[in-house]
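Welcome! Please take a moment to look over the sequence and the 3D view before reading on.

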Amino acid sequence: MHPTTDNRPALLLAMGPGVDERLLTADHHARLTRLAHTDPRLVAHDLTAPGPRVAAALAEAEILFTCWGATPLTAEVLDRAPRLRAVVHAAGSVKHHITDACWERGLRVTSAAAANALPVAEYTLAAILLAGKRVLRSAQRYAELRTDHAWLEESTTWGNYRRTIGIVGASRIGRRVVELLRPFDVEILLYDPYVTTPPPGAELVGLDDLCARSTVVSVHAPQLPSTYRMIGPAQLAAMPDGTTLINTARGSLVDEAALLPHLVTGRLQAILDVTDPELPPADSPLYTLPNVLLTPHVAGSLGNELHRMADQALEEVARYGRGEPFAEEVRASDLQRSA
């Protein structure tokens with residue numbers, strides 16, 4: 001990478017091995033080179049001990065275009081990037097690689113969290129509606145019976161009409177779920193200690209009240225010290241029989257040791273896209289319990305949904321080039337209450 005006489009900012013891709021191949025299409029590469037002075041084939045996987053080409057590109061870079069697996073931007077790394085002014089993250093949370101040194105040096109940071117929130121909210125909406133219809137239960141019973149059955153008699157408590165849905169956390173995803181639920185005939189409860197005015201269609205309540213009144217509880221709070229095991233023994237005990245707990249946030253927000261007895265007895269149902277640890281032990285009952293749907297952290301962007309994050313990140317590069325503020329700027333204060 002060499003200085004140019006045009007006005008395009010110098011940009012370096014920095015992310016884990018293979019991520020760029022899934023994130024960026026040929027059209028993305030073409031637009032990137034129109035917006036910035038960069039070699040889209042040069043991807044920095046490790047900025048702590050960069051090779052000559054990456055080191056030279058880093059020294060010239062005004063923008064780092066990052067995604068999953070990006071090197072933490074410590075003071076030592078930033079010393080190699082004297083011209084760096086902005087970090088454009090083509091994924092959600094920036095907590096893995098944005099350090100205090102970035103804020104101390106006045107770097108501008110943006111992320112594609114808004115783009116990543118949409119598939120999580122869509123997954124959650126699907127999970128809520130399937131939970132109300134008792135799809136897990138009916139599919140298993142159908143496979144067991146394989147004959148005519150009095151389904152109307154067995155399903156008297158099923159359905160989504162006027163269900164009470166509890167949303168834990170008015171995060172970007174939590175608010176999006178509330179928005180997606182508005183067309184349905186459901187009551188929406190919301191718990192978030194930092195919110196004083198709920199979004200339209202939701203009633204703001206305490207966490208214990210939410211758990212006691214909801215037939216579906218969906219967790220969307222950030223992973224913070226204050227949210228560790230926030231769904232614990234008291235909250236689980238308060239949930240009515242048959243309640244479905246959905247977790248697409250972080251496994252640490254739910255006390256799984258306290259949850260497991262409720263699942264083993266069948267008192268509660270669960271749809272878990274995240275667990276603690278991230279990969280449950282091979283002998284975990286979560287894999288085989290008939291009232292648990294366990295998925296391997298697929299609610300967030302995957303497959304062609306990564307391209308939505310790339311699109312949003314490229315829009316931010318375009319704004320930077322035009323001298324405009326980022327549409328989705330991240331500030332240091334934001335990270336105290338966000339994922």
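## About the model

This is a predicted model, in which local features need pLDDT of at least 70 and side-chain atom pairs count only at pLDDT 80 or more, while totals for chains, interfaces and linings use all residues. Residues are numbered from 1 along each chain as its sequence is written, and side-chain values use heavy atoms, with hydrogens and water left out.

Helices (H or I, at least four residues) and strands (E, at least two) are DSSP runs, numbered from the N terminus.

Six strands make up an open sheet with mixed pairing, in the order 2-1-3-4-5-13. Strand 2 (43-44) and strand 13 (329-330) are at the edges with a single partner strand each, so one side of each has no neighbour in the sheet. Two strands count as paired if DSSP finds at least two bridges between them.

Strand 1 and strand 3 run parallel and are joined by four bridges. Across from Ala14 you will find Thr66 in strand 3.

Now turn to strand 6 (residues 163-168). Six of its six residues are buried, so this strand is largely enclosed by the rest of the structure. Buried means under 20% relative accessible area, exposed means over 50%, and partly exposed is in between (1.4 Å probe, protein chains only). In a regular strand, side chains alternate between the two faces of the sheet. In strand 6 both faces are covered: one side has Arg163, Ile165 and Ile167, the other has Thr164, Gly166 and Val168, and all are buried.

Strand 6 runs parallel to strand 7 (residues 186-191), with six bridges joining them. Val168 is opposite Tyr191 in strand 7. To get from strand 6 to strand 7, the chain passes through helix 9 (residues 172-181) in a right-handed β-α-β crossover. Right-handed here means that, with the strands pointing away from the viewer, the path from the first strand over the helix to the second runs clockwise. Strand 6 also pairs in the parallel sense with strand 9 (residues 216-219), over four bridges. There, Gly166 has Val217 as its bridge partner.

Helix 13 (residues 306-321) has 16 residues and reaches 23 Å from first C-alpha to last, close to the expected 22 Å. That expected span is 1.5 Å times one less than the number of residues. Its buried residues include Leu306, Met309, Ala310 and Leu314. Just after helix 13, Gly323 has a positive phi of about 75°.

His28, found in helix 2, is buried, with a relative accessible area of 7%. Leaving aside residues up to four places away in sequence, His28 touches Leu23, His307, Ala310, Asp311 and Leu314, where contact means heavy atoms within 4.5 Å.

## Salt bridges

How many salt bridges does a search of the whole structure find? There are 16 salt bridges, each a side-chain nitrogen of Lys or Arg within 4 Å of a carboxyl oxygen of Asp or Glu.

In helix 7 (residues 135-145), Arg141 and Glu144 are three residues apart, about one turn. Their closest N and O atoms are 3.8 Å apart. Arg141 is buried at 16% relative accessible area, whereas Glu144 is exposed at 55%. Arg176 and Glu179 form a salt bridge too, with closest N and O atoms 3.0 Å apart. Arg213 and Glu203 meet at 3.2 Å, N to O. Arg213 is in helix 10 (residues 207-213) and Glu203 in strand 8 (residues 202-204), so this pair ties together parts 10 residues apart in sequence. Salt bridges with shared partners join Glu187, Glu203, Asp209 and Arg213 into one network.
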